[in-house]
Amino acid sequence: MQNIIKKILLSVIAALLVSGTFLLEERVSQAREDVAAPTFLVVEKGIDAKIEQQNQTYTILSGASSRLTAILSENAVLRFAPHSSGELKISEINEEGRRNILNFQGGRIWINTLSSSLALTIKMPHITVQAEPGIFDLSFRDHVMLLSAHRRSALIQFLGNELVLPEGRTIELVDTKIQNAADTIAKLRYSKLIKEFPYFALE
């Protein structure tokens with residue numbers, strides 16, 4: 001009789017251990033998925049800031065009273081100055097990391113992705129900036145883009161041309177100037193292009 005009871009108890013314990021293992025693996029797996037999932041966390045904002053989410057797209061309006069600071073899962077920091085707005089699309093991660101797209105409508109943004117693998121594409125009406133992991137300061141107001149590369153370089157694209165902004169340099173592009181002379185600028189070689197749109201050392 002005692003042997004039968006022992007066998008029953010051992011069977012129950014074994015079943016509990018198996019089920020517990022499966023539950024633990026499921027929780028660990030879920031935790032890994034949560035860590036890998038794209039995240040967008042606002043850690044600072046004013047009372048008049050507005051953020052709307054649709055799937056992995058975030059519409060951001062910092063408002064007039066204060067800056068808005070957001071942290072992405074890759075330890076990337078985006079800091080929007082007052083009166084700034086944009087639409088951030090968070091992509092899925094792949095073998096090369098993750099490249100998010102910010103449709104920047106205007107204002108100023110401080111980008112710090114130096115401690116992450118995140119690459120960011122910033123799109124304005126006629127200018128695109130490809131920012132690899134680094135630290136950048138970007139403003140776009142009254143058709144004027146001002147970009148400073150504090151750490152690492154950035155690639156600026158417009159009219160089929162590409163300009164590299166090295167670390168420690170700043171550049172200003174006037175959107176109306178680009179459009180008014182679009183035919184001429186589109187044909188410029190790189191040596192002529194950097195003379196037309198020079199960059200300067202950061203002060």
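Which residues touch the most other members of the largest nonpolar core? They are I122, M145, L147, I156 and F158, in a core of 40 residues. The biggest share of this core comes from β7, which gives four residues. In soluble globular proteins, nonpolar side chains tend to be buried together. The model discussed here is predicted.

L147 sits in strand β11. Its relative accessibility is 2%, so L147 counts as buried, the limit being under 20%. Setting aside residues up to four places away in sequence, L147 touches V129, F136, D137, L138, A154, I156, L165, R169, T170 and I171. One of these contacts, I156, is also among the residues that touch the most other core members. Another contact, D137, has a salt bridge with R108.

**An aromatic pair**

The whole structure holds two aromatic pairs. One of them joins F158 and F197: the ring centres are 5.3 Å apart and the planes stand at 75°, so the pair is edge-to-face. F158 belongs to strand β12 (residues 154-158), while F197 is in the loop between α4 (190-196) and β15 (199-201), so the pair ties together parts that are 39 residues apart in sequence. Both F158 and F197 are buried.

**Salt bridges**

How many salt bridges does a search of the whole structure find? The search finds four. The table lists some of them.

| E44 | R67 | 3.1 Å |

Take E44 and R67, which form a salt bridge. E44 is in strand β1 and R67 in the loop between β3 (57-61) and β4 (68-72), so this pair ties together parts that are 23 residues apart in sequence. E44 is partly exposed, at 27% relative accessible area. R67 is partly exposed too, at 39%.

Is D137 buried or exposed? D137 counts as buried, because its relative accessibility is 11% and the limit is under 20%. R108 is partly exposed, with a relative accessible area of 39%.

E167 lies in the loop between β13 (161-165) and β14 (169-174), and R151 in strand β11 (residues 144-151), so the pair ties together parts that are 16 residues apart in sequence. Strand β11 is also the place of L147. E167 is partly exposed at 43% relative accessible area, and R151 is partly exposed at 38%.

V43 lies in strand β1 (residues 40-44). With a relative accessible area of 46%, V43 is partly exposed. Strand β1 also holds E44, which pairs with R67 in a salt bridge.

Technical notes:
Residues are numbered from 1 along each chain as its sequence is written. This is a predicted model: local features need pLDDT of at least 70, side-chain atom pairs count only at pLDDT 80 or more; totals for chains, interfaces and linings use all residues. Side-chain values use heavy atoms; hydrogens and water are left out. Helices (H or I, at least four residues) and strands (E, at least two) are DSSP runs, numbered from the N terminus. Buried means under 20% relative accessible area, exposed over 50%, partly exposed in between (1.4 Å probe, protein chains only). A salt bridge is a side-chain nitrogen of Lys or Arg within 4 Å of a carboxyl oxygen of Asp or Glu. Rings of Phe, Tyr and Trp (its six-membered ring) pair if their centres lie within 6.5 Å; planes under 30 degrees apart count as stacked, over 60 as edge-to-face and the rest as tilted. A nonpolar core is a set of buried Ala, Val, Leu, Ile, Met, Phe, Trp, Tyr and Cys residues joined through side-chain atoms within 4.5 Å. Contact means heavy atoms within 4.5 Å.
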